[in-house]
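Subject: Structure handover

Hi,

Here is the structure we discussed.

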Amino acid sequence: MTHPFYAIHSHGLIRVAAATPRASVGDTAANAEATIALAREADAKGVDLVVFPELNLTSYAIDDLHLQTAQQRATLAAIATVVEASATLRPVLLVGAALVRNGRLYNCALAIARGRVLGVVPKTFLPNYREFYEKRWFASGAGLTGLTIDLDGEEVPFGTDLIFAARDLPGFVVHAEICEDYWAPTPPSTAGALAGALICCNLSASNIVIGKARERAMLAASQSARAACAYIYSAAGPGESTTEVAWDGQGLIHELGEQIAESERFSTEPELVIADIDCERITQERLRNGTFNDAAIFAGNPETRFRRIAFDHAPVLTDGGLERAIRRFPFVPNDPARRDDDCYEAFNIQVEALSKRLVSAHAETIVIGVSGGLDSTHALIVAAKAMDRLGRPRANILGFTMPGFATGEGTKANAWALMRALGITAEEIDIKPAARRMLEDIGHPFSEGEPVYDITFENVQAGLRTDYLFRLANQRRGIVLGTGDLSEMALGWCTYGVGDQMSHYVVNSGVPKTLIQFLIRWCIRTDQYDAATDAILSTILAQEISPELVPAGADGALQSTESMIGPYALNDFFAHYVIRHGLAPSKIAFLAWHAWRDASVGAWPEDLPEDARVAYDLPTIRKWLEKFLFRFFTTSQFKRSAMPNGPKVSAGGALSPRGDWRAPSDGIATTWIEELRSSVP
């Protein structure tokens, strides 16, 4: 597909690779050949940047042979061979070589692109402990800035003050450091990132010992998180000398603390681990994190000291696929262990927050409306656990089911079954008589027998339920526990004021609908309650989501929330990338299309039911995304601006005006909708 929408470069993504060539013990010609072979493979796969191991052209473990003139001349010949071959290749290559300058030998990273050397970065920190002896051969590059080095008669930028930036591809800004540099307390890549590099790279030899692979991954994750960057790491593999040490060839690609890809270690074949990194996401993270800018100031603004070496990359804006796993449920990890850890934390955040509010409010009871739906179910089980934690009887939870004109017998039965199973105080208030009186008082056609089910008809019921709950809380010395979730607040899918938008405290405000489903499953799986409670929770999970405010049609079908506002799976996907990352709508559509277009591809959370494992095509994604944008930016902010207190649960964000999200209540969605319409085919 040739439309620019399908190209990763249209969306701030850069394809990178960590290369593990077959090494040698000082055979520079063979090393050059192995480097070129992987560079050509990377070119065929649309890679923009390839990071090779430390001294991959010279060889690392050759000890005093580094100081031999013949070896040094052979290294220069190997560099020339790689430079010549790169002239017709797309990727920028970061290769390792030992170079002589001003009577010193330096362990260097060379940036090579389209037939020229862009610059040479010497290693700063030279290990000289345990099995390492680098100061015997190499000089440190510390303090070397603003210099050049002669390579084949050409003066090339040389120093630790280099970053490499594409003129024609925003975000493609690269910094290189070498092995020990990122084991140091002050990695050079920190300054490189503060100077503007979004992609930090490490050319490493790094022999392997037990546990070192975990240490490397920890350091790469830590540096990519702390420096708000992508981090590509490549360690030497088989073929290097094993006189005293061995090699595993670990390749890592991290972004903002998250591992995106990893190579197969101890492979006997050359390897290229490839991933698309999101430079727009990195930029947006830096914009949101004022500490990043403060760090640059405290470091003396490194951008004023670094040389930005520009190059033309000539990106091709066609469909090259996506080398990156996109979670369909960004609030829910696919890995079962991480999912359970996240559910444990989320649930206990809610319980702890509600416990504190009960104590601080001197509330004797919790008053909650129980509909038999997902949100009130989850709020109720959180309330039960909060009472348990405080050592108070669950009977102090006052649950009210309040059937209206469209309440189904099944959901009402579920509400009663859940309240009984949990052992709370349960009552029923039929709101239909009061609703009829209000509709009659305001002259609504329904009071005359006409089947008019407009927003007024719906909100009369929603408002009466909340009105009853507040008066009951006054009467019974309690607080009203809100049940609405983050997904509903994002969409404005709630009745403002005297309605389900308002409560004394709302435990679900930081939890999206998709995560609530997994939290309830986690409660069942980990035996948080008894068997009777688990059974009714399973029944509630299986039912369709409905507000039950409009009577069923002639076919008996209930009012369906998702048929009106779109699938919550998509809406939560959209919300995550709007709230947490601020991505352009076309980028969100691109990611959603790759995540959802084929149900048979990619990972699903383990306990997601089979019938929920569906696919959405691009027209469907675009349709619901436009509706989401209109609701989020135009029609619903005033509800969020006045939302009650509730705990932030997910790093994905929250919508409280006192927390993550501040926006004008009279904003419009035009900018976002026009960007979507103009950029998505």
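Two strands count as paired if DSSP finds at least two bridges between them. Helices (H or I, at least four residues) and strands (E, at least two) are DSSP runs, numbered from the N terminus.

This is a predicted model: local features need pLDDT of at least 70, side-chain atom pairs need 80 or more, and totals for chains, interfaces and linings use all residues. Residues are numbered from 1 along each chain as its sequence is written, and side-chain values use heavy atoms, without hydrogens or water.

The sheet: Asn 202 has Tyr 233 in β11 as its bridge partner. Strands β10 (residues 199-203) and β11 (residues 230-234) run parallel, joined by five bridges. They belong to an open sheet of seven strands with mixed pairing, ordered β13-β12-β11-β10-β9-β8-β15. β13 (258-262) and β15 (307-311) are the edge strands, each pairing on one side only.

Helix α4 (residues 212-226) packs on this sheet. It touches β11, β12 (251-255) and β13 (contact: heavy atoms within 4.5 Å). The direction of α4 makes about 25° with that of β12 (axes are lines fitted to C-alpha atoms, for helices over the stretch in contact; angles run from 0 to 180 degrees between N-to-C directions).

The cysteines: there are zero disulfides, taken as pairs of cysteine sulfur atoms within 2.5 Å. Cys 229 is in none; its nearest cysteine sulfur, in Cys 200, is 3.9 Å away. Cys 523 lies too far for a bond, because its sulfur is 8.2 Å from the closest one, in Cys 343.

Best wishes
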